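Please read the points below alongside the sequence and the coordinates. They are notes for a colleague, grouped by topic.

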Amino acid sequence: MKLPLPLYSHVVRAGFPSPADDYVSEALDLNEHLISRQDATFFLRARGHSMMGAGIQDGDLLIVDRSLTPTHQSVVIALVDGEFTVKRLYKRADRIRLLSENPDFPPIEFQEGQELQIWGVAIHVIHSLRP
Amino acid sequence: MSNFALVDGNNFYVSCERVFNPKLEGKPVVVLSNNDGCAVARSAEVKALGVKMGTPWFQMKDLAQKHGIIALSSNYELYADLSNRMMGILGTYSPDQEIYSIDECFLSLDGFERYDLLDYGKEIRQTVKQWIGIPVCVGMGRSKTLAKLANHCAKKGLAGLEGVCDLNRLSADERSALFSKIPVNEIWGVGPNISRRLTERGIAHVESLRTADAKTLRREFSVVLERTMAELNGISCMSLEEAVPNKQQIMSSRSFGQYVYTLEPLGEAVASYIAIAAQKLRSQGSLAGMVQVYIRTNPHKENAPQYQRGLSIPLPEPTDDTLRLTAIARWGLKKIFRPGFAYQKAGVVLMNLRDTGTVQPDLFSKHRDNTRLMQVMDNINALWGRGTLHTAAEGVHKEWKMKREKKTPGFTTRWDQLPEVR
């Protein structure tokens, strides 16, 4: 069954009856369930195994909300040397780190004066059971 | 008293590319027009090298080599997607919004008297930057013309703070001083011709136009310029939605004789509606800044699943080119089409119309390339009947692809081209 994810379409001013942003049917809408702020939500593809422990596997779909404030323990998308990385944020008064969930991947520390750029907060991971 | 904000993206196409390629930050980047022809967007670094808008790519190659300028083909799908998001976000900051182009919108600030508008502007900037990664500037003034001017000041650092400029914060003297330094061609609606003629009469800066004699302006130029002058004096003559006087929309639609179930015939229908609408557009001497496409099932058919959806697509530059409008309408159609419905009607609307004369001509767009073609097509169709000459999209299945060799992936429009994260 196809689960369509409609693109945002804003109010139509032309005299055409204003189309609802939701389907008329009463079926459950996955979009509504998973996404609160459509304008700030993006889909990213996870690669590698650094976050296996969090249930994120290679090829999984990540739903990322850029409107959320990254807090301690959030799974975030960060920019490290210009590359996107997905890690768990460790944020305490004295220390900021990006932690992986795989013993093969060491934590990334941020020193005084170094800037950590958070691109967004990952809110869901979608893992397909079909190849 | 009216109050408006004009919010627009900085180097919009380049900024869009940087959202998913953060390594492009701080680097000189140009985005090329259709068929990789000319620079249609330049990053600040490229502007600093003196590269002008519209410079053909082949002319820039040596400079590019020397300074490591990165050239990218236009990724219109990406820009339209980020634009839709931006307009969605901006629309929450005012009950009244007018989307002016792919990266600009007006917001009504009527009723915001108790707000600290500089703070409001900063909040808008911060939110848009965080939520979609696009840097914007905010200009505020008592008329749309002043809001646009304020935005220019914010962008160039002539007034305001950190990309936000509220002209109402300045005293009358401060405004006069500021306006005395801005050349008259920076005013919305004052193109190169009018600006040259004004300068010849000693009106070279905004302040001189603002204080000119209204009657003389109307007599020697037009009522439009007189209105611009009133707007510069804080008298709002244009409400939201009303870009230029007496421009409406051009609609073209039809209910189908038989229900349509698949994309291909819908695409052909949409292409033919665009052809009709575009011809009307050209005959009234207008360009369209936005295309809307919609489809729907028969609401009166009992027990049938219902679906109706419309999508408005702002254009990178206003055009009257059937080919361009068709491509955009079909792209939009693909977005809204869902299989499994019996479609009864499709339609298109050409919106945000501007006079061909008032739009500053672009050096490089398809619009210019195809003007002669459009004229020939119109002439032949007028003589031999509509549809004698038509675009391939209208009924013959043909390949039509523009050269876009350096295009970035469909980060937000293709499941198989999503940005990757490790």
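Which residue lies over the face of B:Y76? B:R324 does, at 4.6 Å from the ring centre.

1. Basis. This is a predicted model, in which local features need pLDDT of at least 70 and side-chain atom pairs count only at pLDDT 80 or more, while totals for chains, interfaces and linings use all residues. Residues are numbered from 1 along each chain as its sequence is written, chains are lettered from A and ligands numbered from 1 in the order in which they are written, and side-chain values use heavy atoms, with hydrogens and water left out.

2. Charges over rings. Besides the pair in the opening question, B:K144 lies over the face of B:F106, at 4.9 Å from the ring centre. The criterion is NZ of Lys or CZ of Arg within 6 Å of the ring centre and within 35 degrees of the ring normal.

3. Aromatic pairs. Over all chains the count is 21 aromatic pairs. Rings of Phe, Tyr and Trp (its six-membered ring) pair if their centres lie within 6.5 Å; planes under 30 degrees apart count as stacked, over 60 as edge-to-face and the rest as tilted. One cluster linked by ring pairs consists of A:F42, A:F84, A:W119, B:F20 and B:F411.

4. Nonpolar cores. A core here is a set of buried Ala, Val, Leu, Ile, Met, Phe, Trp, Tyr and Cys residues joined through side-chain atoms within 4.5 Å. Buried means under 20% relative accessible area, exposed over 50%, and partly exposed in between (1.4 Å probe, protein chains only). The largest core has 62 residues, of which A:L62, A:W119 and B:I134 touch the most other members. Helix α4 (residues 76-90) of chain B gives the most to this core, with 8 residues. Apart from it lies another core, of 33 residues, including B:L266 and B:I336. In soluble globular proteins, nonpolar side chains tend to be buried together.

5. B:I134. Contact means heavy atoms within 4.5 Å. Leaving aside neighbours within four places in sequence, B:I134 is in contact with residues including B:F12, B:V19, B:L82 and B:M86.

6. Helix packing. Helices (H or I, at least four residues) and strands (E, at least two) are DSSP runs, numbered from the N terminus. The axes of α4(B) and helix α5 (residues 117-132) of chain B come within 10 Å and cross at roughly 140°. Axes are lines fitted to C-alpha atoms, for helices over the stretch in contact, with angles from 0 to 180 degrees between N-to-C directions. B:L82, B:R85, B:M86, B:I89 and B:L90 in α4(B) meet B:I124, B:T127, B:V128, B:W131 and B:I132 in α5(B).

7. B:T412. This residue is found in the loop between α15 (371-384) and β13 (420-421) of chain B. B:T412 is buried, with a relative accessible area of 18%. Not counting residues up to four places away in sequence, B:T412 touches A:F42, B:F20, B:L78 and B:D81. The C-alpha atoms of B:T412 and B:Y79 are separated by 9.6 Å, although the two are 333 residues apart along the chain.

8. Positive phi. B:N11, not a glycine, has a positive phi of about 45°. B:N11 sits in the loop between β1 (4-9) and α1 (12-20) of chain B and is partly exposed, at 23% relative accessible area. B:E162, also not a glycine, has a positive phi of about 50°. B:E162 is in the loop between α6 (144-156) and β8 (164-166) of chain B and counts as exposed, at 56%.

9. Chain A. The secondary structure of chain A comes to 1 helix and 7 strands. Of its 131 residues, 39% count as buried.
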